[in-house]
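I opened the model today and kept notes on what I looked up. The entries follow in the order I made them.

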Amino acid sequence: MLSDAEWQAIALSLKIAGSAVGWILIPGVAVAWLLARHDFRGKSLLDGLLHLPLVLPPVVVGYLLLLSLGRSGWLGQWLYQATGFSLPFTWQGAAVAGGVMAFPLLVRAVRLSLEAVDPKLEAAAATLGANRLRVLFTITLPLAIPGLLTGAVLAFARALSEFGATITFASNIPGQTRTLPLALYTLIQTPGREAAAARLCVLSIVIAMLSLLASEWLARRARRRLQERDQ
Amino acid sequence: MTTMTPTPQQPTPNDQQTVPDDQPTAPEADARALDCKLRKRLGHFTLDLSLRVPGSGVTALFGQSGSGKTSLLRLIAGLDRPDDGRVQLGERKLTDVSRRLHVPAHRRGLGVVFQEARLFPHYRVRGNLTYGMPASARGRFDGLVNLLGIEPLLDRLPGTLSGGEARRVAIGRALLTAPRLLLMDEPLTGLDGERKQELLRYIVRLTREIDIPVVYVSHDPAEIVAVADHLALIDSGRLVAHGALDDLMMRLDLTDRLGGFDAATRLQASVVDHDDHYALTRVMLDDGQPLKIPRVAQPPGSAVSLRIGVRDVALAREMPRGTSYRNGVSARIEAIARSTQSPSINEVRLSVGRQRLRARLTREACDDLQLAEGDRVIALIRSVAFDPRT
């Protein structure tokens, strides 16, 4: 039904989007918790910085990634010297680009769900002898699970559809960084491949719908589990 | 502000005077006393008081809503920081602003029962109970669960509990942390009459069983009379009066604050025998005078505490005949004061044996009978509410 190139693009897309969510999950939850439960100087600045990928042209984000993480970039240089590995033009690089673009969405969703957890329960846990870390892992996070799942799926979908930052930072290498959107773009650029482009277009829609449905299902299941406990 | 308690300094021998209790305080109880001297701006007034909570018994923080009781409790628990002052439990300093010391709530070792039960919805009752339980308290689990009557609830989720059940679990959860002090913030709020009485009975039983001091926040005089041994009266962040509850209930000048219209006093008595036909119980005051009260369950010889509303006491020069008043006890008038509530009313304080009792009479009746301080009279008691605390 699907051609090898199509399968390759799908598998690569899933791998890259999955890795993207994987690497931003813990920092994303940490930042969301910081924003939801703490007041500190520079909070709004951090909040603004976090939202930049949402409002900047993705190409700009990709270019900034190239500047900082490229082999001669301030971070990339260090990485290259330490490991002999460089991110641009690799699938890992594409995962970094996707993760950066998805980060604000994840943080927003997780922050909202953390804020919805009643601080009174956290205070009660503290009076029962639980330190902040124990409160986080036994009260706050378990109660925020539905939002966490929604955030993760949203981030996954965003990383899956990443185009601008990826093509700028990781380029468009078949089997390496050519994800679904990039493959689609390549087909559109090639005369006479309109039918193949349409197939990929439909595929993209199907995958996006599936991930949204999965998100809904997971969130509803988690909410139901919490509610069962509530009735 | 009239503070009966001098500012508690470092514990010294003559610090005994600051313990607002008739009984001498045992040294070990002293080491468990809570001292605080706190100041914190709260919206439109400033909480500013020093208070010593005795190392045993129930101390009620009493005052109208918004008087700063709950804020005080939060400062003691370490959930908020004061602008100035200190909190000390026995020898252990918990807060000392001048030394920048603030032991965080989770390391204070205090049990807190909040107005709402605040049970964790994703843990079963058992999980809630054991959440803060150290291994050393494991042996107390069964006994406490039994005492609170929550054994059948252990595998339920908090969302399935009634208000009273949830409060009981919350109390058990706080006590199973083996706290050195239990703080209770209006634990009966939001319960209806019968559930309220039920939980109150549990709390009264519990406070007799546990050997740690309890701070009990409430704005309900009836609740206080049932539960408390000591009372700290708080108004707009200040301590108005502080001492043994029975003493404060005798203070005619505090009538407005301590119950007003429904003010009451307590008499201690012991059960003599029961009259099953009329469902009455005969009890005896410490000076040997008998009283009849509605049937109670306590066996002969046990001590009971009677709650007597000031409106339920009438005075006569001699025992009248043909009256429906069942109880007449010989009393002596200690003080008569004009009521601050109504110009037609006098508040009268009586001594009955070594105990004291109060009556509320019209000023006209006082003048007709020519009642004066020192006079011997008969106190006619209409009805006696049995106070479950014995």
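**Entry 1: a helix in chain B**

I began with helix α2 (residues 69–77) of chain B, where eight of the nine residues are buried, so the rest of the structure largely encloses this helix. I took helices (H or I, at least four residues) and strands (E, at least two) as DSSP runs, numbered from the N terminus. Buried means 20 or more other C-beta atoms within 10 Å of the residue's own, with C-beta atoms placed from the backbone; exposed means 12 or fewer, and partly exposed is in between. I listed the buried residues of α2(B) as B:Lys69, B:Ser71, B:Leu72, B:Leu73, B:Arg74, B:Leu75, B:Ile76 and B:Ala77. B:Gly78 follows α2(B) and has a positive phi, near 85°.

I noted that this is a predicted model, in which local features need pLDDT of at least 70 and side-chain atom pairs count only at pLDDT 80 or more, while totals for chains, interfaces and linings use all residues. Residues are numbered from 1 along each chain as its sequence is written, and chains are lettered from A and ligands numbered from 1 in the order in which they are written.

**Entry 2: chain B as a whole**

I found nine helices and 21 strands in chain B. Of its 390 residues, 43% are buried. I then looked at the domains, whose bounds come from an automatic or database domain assignment. Domain 1 of chain B covers 13–261 and domain 2 covers 264–387. Their contact takes 10 residues from domain 1 of chain B and 14 residues from domain 2 of chain B; contact means C-beta atoms, placed from the backbone, within 7 Å. On the domain 1 side, α7 (221–227) and α8 (245–249) of chain B are the elements that give two or more residues.

**Entry 3: chain B against chain A**

I looked up the interface and found 18 residues of chain B in contact with 17 residues of chain A.

**Entry 4: a helix pair in chain A**

I checked helix α6 (residues 119–127) and helix α7 (residues 132–160) of chain A, which pack at an angle of about 140° with axes 10 Å apart. Axes are lines fitted to C-alpha atoms, for helices over the stretch in contact, and angles run from 0 to 180 degrees between N-to-C directions. α6(A) and α7(A) are therefore oblique to each other; angles under 35 degrees count as roughly parallel, over 145 as roughly antiparallel, 65 to 115 as roughly perpendicular and the rest as oblique. A:Leu121, A:Glu122, A:Ala125 and A:Ala126 in α6(A) meet A:Val135, A:Thr138, A:Ile139 and A:Thr140 in α7(A).

Definitions and conventions:
Two residues are in contact if their C-beta atoms, placed from the backbone, lie within 7 Å.
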